[in-house]
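Student: I am new to this structure and would be grateful for a close look at a single part of it. Please take me through that part step by step.

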Amino acid sequence: MHVLILGAAAGGGFPQWNCHCPNCKGLREGKIKAKGRTQSSIAVSSDGKNWVLINASPDLREQINSHPQLWPDAHVSRGTRISAIVLTDSQIDHTTGLLTLREGLPLPVYCTDVVAEDLTTSFPLFTVLKHWHGGLQQHSINTDYHKRFVPKGAEGLTFQPVVLESNAPPYSTYRDNIVPGNNIGLKITDDTTGKVLFYAPGCMQANDTVKQVMRESHCVLFDGTLWANEEMIDHGFSNKLGTDMGHMPVNGKGGAIALLNEFNVERKVLIHINNTNRVLDEDSSAYHSLCEQGIELAYDGMEIEV
Ligand code: MLT
Ligand code: MN
Ligand code: ZN
């Protein structure tokens, strides 16, 4: 299976337009060793021709334009190699790119019923998009881990939902009161090779299924939002802990590094990295310690073969 990292940053991207934290300032002024990153999205393919877009970022237009794999076929006057979209939640950074796809609708979108509910009520993107050639055709993802599904064009790959402990967006009726389905990770198995990718960009605490899937995975793309749980408070940007927003910290006890270190996975990759996260500075001790522990930091344009 082919995996493209279209955007490796969390909401806001790196640098964030209104942020002058040491990372954003350092990147703008060329004073730190770091790569800019767009907002959270990946694409997967079994044949390298048809791609499933997983999460649709506000930066989708730029992401498609910089990845020839996603450009229309040479012989068509208009078209797309994106055969389906899968959403893991109803967050702004994972859904507003759907608006960018309007010229190419209809397209199938796969998400849980509660995500579809958010996207037709409190953040009604699905409703708005109905005005473009009928809009998105929604297919329900069941929250039962055993209910496998194959998005259109992804024949050869089997998807399974992994319910994640996280939070729902601020505009959701499920904010601070989540139900299974507000956030899912995806276990994607290549039917031919048996290789497994696990994608979980927002996870506050690892449940048993998360651990089981990590044990079976060859590549894990995991929540790398914040280095420390108090990071946004320490910067004076928010009064919320990372865990209030649904993200476990990368560092420390109960963090993503400690979790990943429990498993013998070929490729462990942090993704959905917030611009305040110290690991973005490649001269930082945080980044060096990550590398020493065999954990990679996703970047835009990274390509992974699983
Ligand atoms: C989150 O995952 O909490 C988001 O990145 C928030 C956002 O998109 O603003
Ligand atoms: Mn996010
Ligand atoms: Zn910043």
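Which residues coordinate the zinc ion (ligand 3), and through which atoms?

Tutor: The model is a predicted one, and the description below should be read with that in mind. In this model, the zinc ion (ligand 3) is coordinated by the SG atoms of Cys19, Cys21 and Cys24 together with the OD1 atom of Asn275, at 2.3 Å. Along the sequence, these donor residues follow the spacing C-x1-C-x2-C-x250-N. The arrangement of the four donor atoms is tetrahedral because the angles they subtend around the zinc ion (ligand 3) run from 105 to 117°.

A second site may be set beside this one. Oxygen atoms of ligand 1 take part in several of the contacts: one lies 2.8 Å from a polar side-chain atom of His247, one lies 3.0 Å from a backbone N or O atom of Gly11, and one lies 3.2 Å from a side-chain N or O atom of His272. Of the 270 Å² that ligand 1 exposes when taken alone, the protein buries 70%.

Notes. Residues are numbered from 1 along each chain as its sequence is written. Chains are lettered from A and ligands numbered from 1 in the order in which they are written. This is a predicted model: local features need pLDDT of at least 70, side-chain atom pairs count only at pLDDT 80 or more; totals for chains, interfaces and linings use all residues. Side-chain values use heavy atoms; hydrogens and water are left out. A polar contact is a pair of N or O atoms within 3.5 Å; within protein, one must be able to donate a hydrogen and the other to accept it, and residues adjacent in sequence count only if both atoms are side-chain atoms. Accessible areas come from the Shrake-Rupley method with a 1.4 Å probe; for residues, only the protein chains shown count as cover. Donors are N, O and S atoms within 2.8 Å of the metal (3.2 Å for Na, K and Ca); water is not among the atoms, so sites may look incomplete. Four donors count as tetrahedral if all angles lie between 85 and 135 degrees; four count as square planar and six as octahedral if opposite donors are over 155 degrees apart and all others between 65 and 115; anything else is irregular.
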